[in-house]
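Open the model in a viewer and follow the selections below in order. Each stop says what to select and what is there.

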Amino acid sequence: MTTALSALGGASRQSLATARASLDSVLKTLSVADSSALASDLFAVVAALDSSTPLRRAVTDGSRDAASKSKLATDLFGKSISASALKLVAELAALRWSSPSNLGDVLEQLAVESEASAANMANELERLEEELFSFSRIVVSDGDLRQALNSSKYSSEGKRVLVAKLLGSKIATSTTRVVGHLVSGLRGRNIESTIVFYSAAVAARRERVIAHVRTAVALTDAQKEKMTSTLSKKIGQPVRLNIEIDRTVLGGISIRFADELIDATIVSRLADAGRALAV
């Protein structure tokens, strides 16, 4: 799935990885409501950056040291957003960016992921993905709706109201919030490419709360429950297991989640022993 973030330059790609790790750290401490509020704050910062080219350049100026850029962001947004959001924005401002616009792109990614995190805590993440896909099908099939959502004649609030009436009250609360942000934040894109961006960001968050488990033998229900509970406490989010039975691991277990790998398979231990003996 192609998004604006796939075209990030080297410095911005590295900063994106750092930014997502920072988001993980912040989200561990937040409730459903707080995660959604964090998303709203980040969207507000994106809108502010999009509205001013000098502001974007000042906050991302590579000739300025990290501390001064972080302070500038704190001075600009300190009175208008939450402490959690300000922490993230200040940390991101201190990073290096290949293009001034990349900071806004990454903040938008984190905002969508924050809403997806709220959906995950509310056990609505899969439903959010499904309903976002259904919305994309509606947009594709309805030329008048697509034209209205792409038109500058409608205000952001007008588009929110239009979509709310269209989707009704049967969709998840998380979907209502995400689609509301989506239709009011095209950022120079058309509605179709904006849906693609949001869908990719939601999928990216889902990948960070799925633990990919490789084991030689099937796990018992008790083992699955204990593993899910342990990982959920570590991540600070509900975690789902994706279990693969792989006879090649011989024994033990391998768990990959977010950017971490816990490899306690016999194959891994034998490889480590072989490397040790080769020294």
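Select helix α7 (residues 125-141) and its surroundings: the buried residues of α7 pack against α6 (100-121), α8 (143-150), α9 (156-167), α10 (173-184), α11 (191-207) and β2. Buried means under 20% relative accessible area, exposed over 50% and partly exposed in between, with a 1.4 Å probe and protein chains only; contact means heavy atoms within 4.5 Å. Helices (H or I, at least four residues) and strands (E, at least two) are DSSP runs, numbered from the N terminus.

This is a predicted model, in which local features need pLDDT of at least 70 and side-chain atom pairs count only at pLDDT 80 or more, while totals for chains, interfaces and linings use all residues. Residues are numbered from 1 along each chain as its sequence is written, and side-chain values use heavy atoms, with hydrogens and water left out.

Now show side chains on α7. Its buried residues are L125, L128, E131, L132, F135, S136 and V139. Viewed down the axis of α7, these residues fall within an arc of 150 degrees, so they line one face of the helix; the arc is that of the directions from the helix axis to the C-beta atoms. Turn to the face away from the buried side to find the exposed residues E130, F133 and S141.

For a length check, pick the end C-alpha atoms of α7. They are 25 Å apart, which agrees with the 24 Å that its 17 residues should span at 1.5 Å a residue. The expected span is 1.5 Å times one less than the number of residues.

Next select strands β1 (residues 210-215) and β2 (residues 240-245), which run parallel and are joined by 6 bridges. Two strands pair if DSSP finds at least two bridges between them. V213 has I243 of β2 as its bridge partner. From β1 the chain crosses through helix α12 (residues 221-235) to β2, a right-handed β-α-β crossover. Right-handed means that, with the strands pointing away from the viewer, the path from the first strand over the helix to the second runs clockwise.

Move on to S254 in strand β3 (residues 253-257). Is S254 buried or exposed? It counts as buried, because its relative accessibility is 5%.

Of its 279 residues, 44% count as buried. Along its principal axes the C-alpha trace spans about 65 × 50 × 30 Å.
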